[in-house]
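My entries are below the structure.

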Amino acid sequence: MRTSGETGRYGESVVCQYLQDNGFDILHTNWRNGRYELDIVAKKDGILHIIEVKTRKQGSLTSPESAMTRTKFKFLCKAAEFYVNFYRIDTDVQFDLASVTYTDNGYEIKYIPDVMSSVW
């Protein structure tokens with residue numbers, strides 16, 4: 001049985017591989033600024049993708065997608081704002097969600113692009 005930290009790291013690692021297989025360049029994983037964190041920052045076709053990864057075991061009480069709340073999105077936007085300013089990025093930014101459900105035999109990834117929009 002995995003701890004919640006191990007579950008999260010597992011989900012992020014399989015999503016990174018998925019993204020690379022689909023033409024994304026991974027710029028950072030687990031980027032932090034104080035209490036703010038971005039799971040995965042990637043770039044594809046000139047767009048900066050801020051990717052929130054939610055991982056759950058099959059049969060969990062809540063789905064990975066339901067963990068993306070408005071409050072979580074506000075924190076994600078703040079972290080993205082720090083990231084964009086720190087690296088002086090001048091490109092479109094998109095917020096995506098990667099939902100990972102795992103079993104003892106494997107995992108399923110649902111990639112949801114442009115899951116929420118932000119007004120900077």
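The entries that follow take the pairs one by one.

Entry 1. I am working from a predicted model. I searched the whole structure for salt bridges and got 4.

Entry 2. I started with glutamate 52. Its side chain meets that of lysine 72 in a salt bridge, 3.4 Å from N to O. I then looked up where the two residues lie: glutamate 52 is in strand β3 (residues 47–57) and lysine 72 is in helix α2 (residues 70–86), 20 residues apart, and the pair links distant parts of the chain. For burial, I noted a relative accessible area of 2% for glutamate 52, so I list glutamate 52 as buried. Lysine 72 has 25% relative accessibility and therefore goes down as partly exposed.

Entry 3. I checked what else glutamate 52 contacts in this way. Lysine 54 forms a salt bridge with glutamate 52 through their side chains, at 3.2 Å from N to O. Both of these residues are buried. I therefore grouped the residues: Glu52, Lys54 and Lys72 are linked in a network of salt bridges.

Entry 4. I moved on to lysine 78 and glutamate 81, whose side chains meet in a salt bridge at 4.0 Å, N to O. Why is the separation between them about one helical turn? They are 3 residues apart in helix α2, which accounts for the turn.

Notes
Residues are numbered from 1 along each chain as its sequence is written. This is a predicted model: local features need pLDDT of at least 70, side-chain atom pairs count only at pLDDT 80 or more; totals for chains, interfaces and linings use all residues. Side-chain values use heavy atoms; hydrogens and water are left out. Buried means under 20% relative accessible area, exposed over 50%, partly exposed in between (1.4 Å probe, protein chains only). Helices (H or I, at least four residues) and strands (E, at least two) are DSSP runs, numbered from the N terminus.
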